[in-house]
Amino acid sequence: MEFPFIILFIVVMLFIFYNLNNKIQKLENQISELTRKISDKNEQSIEIKDAPQNINQAVTFENPYENKRSPQEEIKTEHELSAEPQKDWTIPVFDFLKQNALTIIGIFTLVLGIGYFVKYAIDKNWIGETARVGIGLAIGVGIIAIGHFLRKNYSVFSSIITGGGIAVLYFTTTIAFREYHLFTQNTAFIITTCITLISIILSYYYKSEVLIIFSMFGGFLAPLMISTGQSNYPFLFTYLTVLNIGMLIIVFLNRWKSVGWIAFFFTNIYLFYWIFEKTEIVSIYFYIITYIIFYALALIDYFKKNILSSWNILMLILINFSSIIGLVYIFNELHYEPVIIFPTIFALVNGFLLFREYGRKNFGINYSAFAGITISLLTAAFALQFKTHLITSVWAIEATLLLYIWKKTNHNIFKKCFYVLFPLVIIAQIFTWIKYLDAQNLAIVFNPIFLTSFVTVITTLFNLFLLKKISPEKENINFFENIFAIISYTIIYFGLLLEIIYHISEKPWAVIWSISLLFSMYYICILLFIRKKLEISKEFQIGLIYLFIVLTINHVSFSGLSIVGSILVKKISSSYYFLHLLYLIPSLWIGLKILPRTDFFKGKISYWVSAFALTFVISFELYHLYILGNAKDLLQSYTLIKHFSILYLPIIWAVLASIFIYFGLKKGLPELNKVGFVLIGLMILKLYTYDVWQMDNVSRIIAFIILGIILLLSSFTFQRLKNIITNLVDKKDENPKNENSESQ
């Protein structure tokens, strides 16, 4: 019952389509006739209007003295042309999809409909297996024939229709081989190869890039369609090599770059899958052949017009580094030496083109691209020779190369690729650092993990310099570049710190923690020292200073207490306390050299933070010295802690408070005055609420006498300083009057 209704539906749809087609054809004829009449009427008037203009133009053309320009102004080099901003390549893609979406959906639906019909016929046992394949092939050829007849008036539509017919042929051959076993794998491969060749010939004959894209997809997917699960990689890559050579010829004749990228993508997937599943020496030959083909693809425009477009440069980068990853992986798996042979050979190839540009005194984009690739390959060879981890090192160098090419060409595609690749570098580096957990007996510095980190650190430093803004106004810096800078400094920090921690991992935890904090403080100090060269923003500088203060407080308190405790229990020698004191060098340098030259003290809170940190550091360090000088063991230190807190700490705070108030008055810094008085208030509050009740009579008398003397001396000093300041102000007020009287 269903079949007659389907036939009736098809007949009705054909009738409707026939009527619509007739109406559309009549409208087209009317429009063309109307256009012809309008053009005939306006032809004479257009000629009359244009005649004087044409005469003037002719005279202007013949006049040798007008519009005269120097040869330098007339000649615009190919490098300048290639450096111009490029149009967004996604616009024509989306335009094509919008204009042909119904056609693509229609041909896809038609292929599915044919497939369902064939399945329905199979389920009803209407036709046998051979007949089914014959029908499928006939339908595919029929669709191609329809596309052939439509090619003159509807070129894009014809290409999509023809591509659908080719797809039907591929799927029919696949079903005939996989499901019905009508012929062997070799026969199926020959048929699919013939289909691919026919589609390529039709693409070239029709001059259709759309059809060649269909053909390339079919050609690269054909091996998967007829695969039996048994690996015959030499045969497969012989076929892919032939296909890639055909691709190279087509791109050379028609400049269809999309075809080359499709071939590159599929070829590398097949190659990587091959070497990871079954590493063989023969795969090296196919890697070399693939490198030659796609290297030639990237240089077609270079040898034709002496231009390297952004896509050419990107292809050069990808083919060099993807080939290095594959070849070095094969050498490592098969234990061949030397592992740097191919990176060095590739560097020489690119170096030859670099010297070619140098000999022509052409230092434009081409020179920069070849120079960057050559140096990056030599760097990769150096890194691999020292047994660094392959993926991490190659990706890090490749990311820096992309950024370098972006700075030289100003093509944003390289910057976008860098932002995609750099997170992968971070992930790969993290996995490299994880290997520290299981590593044993690593050499200092010259070990694979640290050398990999070293490569990443060096490339990250180059990235920081390359990402500096052309405009000196750092307020306009991009948010992502700020994030990148923070991430980059973090990578460098952990790359060095983890190596240090690994080699001191046998030490007590107190020593490890102390050395880690010392490294962190020195690292921040170095960043602040070269802040101008790195063009670190003012806000970031202030953030680093606050981070340094936090680390200093942590080091003095927790780390210092751990060091003192470990010394008292005889876990470490007392010399480690002098190691602990090394933080004073960067602290004093930042306090005396950096803070006055930054915007740190523009905020009032900075005075409070600085005074608190200084009070904290002096109090704890004097406490450490007091404990180490008087305690013989850990138990005795508990008694000394209470004694120091009650007797000496108020005195220390009183002295510091007096110093803060003195400098606050002398420098005219009211915030320091406030800090001093608050510190005195805390000290007096602590003295009268807690300390007095914990002292014996003698200590209480001594504490009050010393405190009273300090307060009286401080008061006397303040009064004297106040009088001096008042006298200076009065003298300044009198000087203008004296000068006026003398002049009169």
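Predicted model: local features only at pLDDT ≥ 70, side-chain atom pairs only at ≥ 80, totals over all residues.

User: What percentage of the contacts in the protein chain with a separation of 6 or more is between residues 24 or more positions apart?
Analyst: The set considered is the contacts in the protein chain with a separation of 6 or more. Within that set, residues 24 or more positions apart account for 73%.

User: Is Thr456 buried or exposed?
Analyst: Thr456 is found in helix H18, residues 448-466. Its relative accessible area is 2%. Buried means under 20%, so Thr456, at 2%, is buried.

User: With which side chain does the side chain of Thr456 make a polar contact?
Analyst: Leaving aside neighbours within four places in sequence, Thr456 is in contact with Thr392, Ala396, Val425, Gln429 and Ile491. The side chain of Thr456 makes a polar contact at 2.5 Å, and the partner is the side chain of Gln429.

User: How far apart in space are Ser393 and Thr456, C-alpha to C-alpha?
Analyst: Ser393 is found in helix H16, residues 390-409, and counts as buried at 1% relative accessibility. Beyond four places in sequence, the contacts of Ser393 are Ala383, Thr388, Thr452 and Val455. Ser393 and Thr456 are 63 residues apart in sequence, and their C-alpha to C-alpha separation in space is 6.6 Å.

User: Which residues are closest to the centre of the second largest pocket?
Analyst: The second largest pocket holds about 960 Å³ of space. It is lined by 30 residues, of which the closest to the centre are Ser587, Gly591, Leu595, Ser610 and Leu614.

User: Which element gives the most to the lining of the second largest pocket?
Analyst: Two or more lining residues come from each of helix H22 (538-568), helix H24 (584-594), helix H25 (604-630) and helix H26 (634-667). The greatest contribution is eight residues, and it comes from H25.

User: How many nonpolar residues does the lining of the second largest pocket have?
Analyst: The lining is divided by class into nonpolar, polar and charged residues. Two are charged and five are polar, while the nonpolar residues number 23.

Conventions: Residues numbered from 1 in each chain as written. Heavy atoms only, no water. 1 Å grid on protein atoms, 1.4 Å probe; cavity = no way out; pocket = protein on both sides within 12 Å on 5 of 7 lines; lining within 4 Å. Points joined across faces, edges and corners; volume = space filled by probe spheres on them. Helix = DSSP H or I, 4+ residues; strand = E, 2+ residues; numbered from the N terminus. Nonpolar A, V, L, I, M, F, W, Y, C, P; charged D, E, K, R; others polar. Buried < 20%, exposed > 50% of the residue type's maximum accessible area, 1.4 Å probe, protein only. Polar contact = N/O pair within 3.5 Å; in protein donor to acceptor, adjacent residues only side chain to side chain. Contact = heavy atoms within 4.5 Å.
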